Structures are given as C-alpha cells and as structure tokens.
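Take a look at the sequence and the structure first, and then we can walk through the spaces one by one.

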Amino acid sequence: MKTVLLPSGEQVPALGQGTWFMGEDASARAEEIATLREGVELGLSLIDTAEMYGEGSAEKLVGQAITGLRDKVFLVSKVYPHNATRKGTLAACERSLRRLGTDHLDLYLLHWRGRVAFEETLDALVELQTAGKIRYFGVSNLDLEDMQEFCATPHGNRVATNQLLYNLSRRGIEWDLLPWCRQQKIPVMAYSPIEQARLLHHPALITMGQRHGLTAAQLALGWLLAKDDIIAIPKSGKRSHVRENAAVLARPPSSELLAELDLVFPPPQRAYPLEML
Ligand code: NAP
C-alpha cells in the first residue's frame, strides 16, 4: 500500500474509505459493512467518518464494520463546529467513541470553522490527546488564512492534516493552500475524490480511461495518488467498486497520462475561494 507521512512520522494509507451517506438505508447496510471490511483487507484501512453523517448513523455502521478489525484501522472522525467548544468537543468525542465502539480515535478533525475560537477547540483537542482518546487532531475545510491562524494558535502547529475538497475538477487549492501545506509538511486529505460520482460521467475521462484500460474512477483516484502527500478517501458502499478503487494502486498513471489529464482539467491560474461540499 502506498502511504503518506503524517507530521509525526507515522505512515498512513494514501487510499482510504469515506462514509458519508452510509448507514442511512437499512437495505444497503449489509453490503456497506461488507464493503468497508473488504476495503480494510485490501489495504484501504483509513476510514473517515463524522458525527454529522446521518447524525451518528455512519459512525454506528463503521463501529459494526470494524468489529474485530479495530487494530488494523486508522479511524478518523470529526466534530461539528457548533459542538467545538471546550466542553462540547469532549462530549462529542465521547459520543463518537461510543457509537464507534472504540476507546480512541486515530485522528479527530474540526469539520469546518464555526463561531468557536480556535483556542477553545484546541484546548479540548489537546486534552483529548493527553487522555489518549485521540492520537492526532486536524482540521477540515480551512482556507489559507484560517489555516495559518489555526497553526499560529497555541498547540495548533500539531495539526496532522487539512481535509479538503480536491479532485480533477476542483483544483483551486493548488494555487496557494496546497503549496503552503506542503511547505509546512502537513498532508492534505482529499475528500470527494471522484466528485461524488460526477466525474464518472465526464466524456473525456471515460474516453481516456478506455484507451488506457482504466475506469474513470481509477483515473480520478490515480491522479490524486500520483502525489506524495495526498490521502484520498473515496466513499463506496459496493464491494465491486471498492475492488475497482483498490486496483488503481497496482496501476499508477504514467507521466504521459498525467499530462493528458492536466490538459483536460487544467490547474488554477489565479486564487479561488476554498470550495466545500
Ligand atoms: P466521492 O467519494 O467522490 O464519491 C462517492 C460516490 O462515488 C458514491 O456515489 C459511490 O457510489 C461512487 N463510487 C465510488 N467508487 C466508485 C466506482 N469505482 N465506480 C462507480 N461509482 C463509485 O464523494 P464523497 O462521499 O463526498 O467523498 C468521500 C468521503 O470524503 C466522504 O464519504 C466523507 O467521508 C468525506 N467528505 C468530507 C467532507 C468534509 O467536509 N470534510 C465533505 C465531503 C466528503 P457507491 O457507494 O455506489 O459505490
């Protein structure tokens, strides 16, 4: 498995699994659980979830899926901004741990910036880390100025990642935020890496994939995985899809293919405000 280095020096899988909208449809549950488990066995052992997803139902599903596999999984969850006060973060983390059926998270993220001061959230994150309830903490959806402010707040320089919308059709972060994170050696976790399946219908991507014997999903993921410091977390609730996604690890795109992708999905030529889904 290709890995990405966290600032601590720990390696995590570069390809993980997202869980947004999982655990919400009873008829899909068994397949979703089987998919997450098979994904872990295939090496996609970083699982991303959040208290927001189905208001806890995704965390419950993940808890069930990782039964007996907890030691193999790098488990990520997120706190709602409106819960991110000192007391609120501690309580939200306990609720997430209970739903996930574990005594610790590997990584706990502030889901996006709300009204609570970073100082207060950071106090709680450090307390959780000291207590062994979370191993690392990070942020999500922070644009450059917010990220700089977070890192300049006491203990904020311990941030392990910024989880951001990043895929072939959303390259805005390449202008200034991604270079800054790189300079600080903070890896980026790319969410919605196949643009919530919209990239699968892109005609040029389909044609290019056919020429190279890859699916559109594999092209989108392969493009992200070609970078050293990007963790991609596609969501899939189907075993056939997780197998297809995992297979890209054995088929990294050539430099010619990457250049072709750059022509169809050009990098930004100016700064854009951070996009979010
Ligand atoms: P995504 O991973 O880009 O796309 C998910 C969609 O693609 C699902 O409909 C899935 O369908 C489909 N899919 C996956 N692999 C496929 C394949 N090989 N062939 C065909 N279809 C495939 O979108 P996302 O769920 O928004 O993003 C991924 C994860 O990032 C989320 O689940 C969540 O954990 C995280 N996220 C974080 C934030 C944030 O604010 N921090 C925001 C958005 C997402 P099937 O289930 O049918 O396979």
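A pocket here is an open set of grid points with protein on both sides within 12 Å along at least five of seven lines, and a molecule sits in a pocket if more than half of its atoms lie within 2 Å of the grid points of that pocket. With that in mind, the ligand takes up the space of the largest pocket. Please keep in mind that this is a predicted model.

**The ligand and its shell**

- The shell around the ligand holds 28 residues, and D48, K235, S236, K238 and H241 are the closest of them.
- By class, this shell is made up of 10 nonpolar, 12 polar and 6 charged residues.
- Helix α9, which spans residues 239-247, is the element that gives the most to the shell, with 3 residues.

- K235 places a polar side-chain atom 2.7 Å from an oxygen atom of the ligand.
- The side chain of S140 has an N or O atom 2.8 Å from a nitrogen atom of the ligand.
- For N245, a polar side-chain atom lies 2.8 Å from a nitrogen atom of the ligand.
- On its own the ligand has 900 Å² of accessible area, and the protein covers 90% of that.

**The largest pocket**

- The volume of the largest pocket is about 830 Å³.
- Its lining counts 40 residues, with W20, Q196, P234, K235 and S236 nearest the centre of the pocket.
- At least two lining residues come from each of the helices α1 (29-41), α8 (216-225) and α9.
- Helix α9 gives the most to this lining, with 3 residues.
- Sorted by class, the lining has 17 nonpolar, 13 polar and 10 charged residues.

**The second largest pocket**

- The second largest pocket has a volume of about 170 Å³.
- Residues that line the second largest pocket include L5, L6, P7 and G9, along with C181, R182, K185, I186 and P187, and also D228 and D229.
- This lining divides into 6 nonpolar, 1 polar and 4 charged residues.

- A cavity is a set of points where a 1.4 Å probe fits but cannot get out, and the count comes to 1 cavity of 30 Å³ or more.
- The largest cavity has a volume of about 100 Å³.
- Its lining has 13 residues, and G172, I173, P273, L274 and E275 are the closest to the cavity centre.
- In the lining of the largest cavity, 7 residues are nonpolar, 1 is polar and 5 are charged.

Notes: Residues numbered from 1 in each chain as written. Predicted model: local features only at pLDDT ≥ 70, side-chain atom pairs only at ≥ 80, totals over all residues. Heavy atoms only, no water. 1 Å grid on protein atoms, 1.4 Å probe; cavity = no way out; pocket = protein on both sides within 12 Å on 5 of 7 lines; lining within 4 Å. Points joined across faces, edges and corners; volume = space filled by probe spheres on them. Nonpolar A, V, L, I, M, F, W, Y, C, P; charged D, E, K, R; others polar. Near = heavy atom within 4 Å. Polar contact = N/O pair within 3.5 Å; in protein donor to acceptor, adjacent residues only side chain to side chain. Areas by Shrake-Rupley, 256 points an atom, 1.4 Å probe, with all protein chains shown as cover. Helix = DSSP H or I, 4+ residues; strand = E, 2+ residues; numbered from the N terminus.
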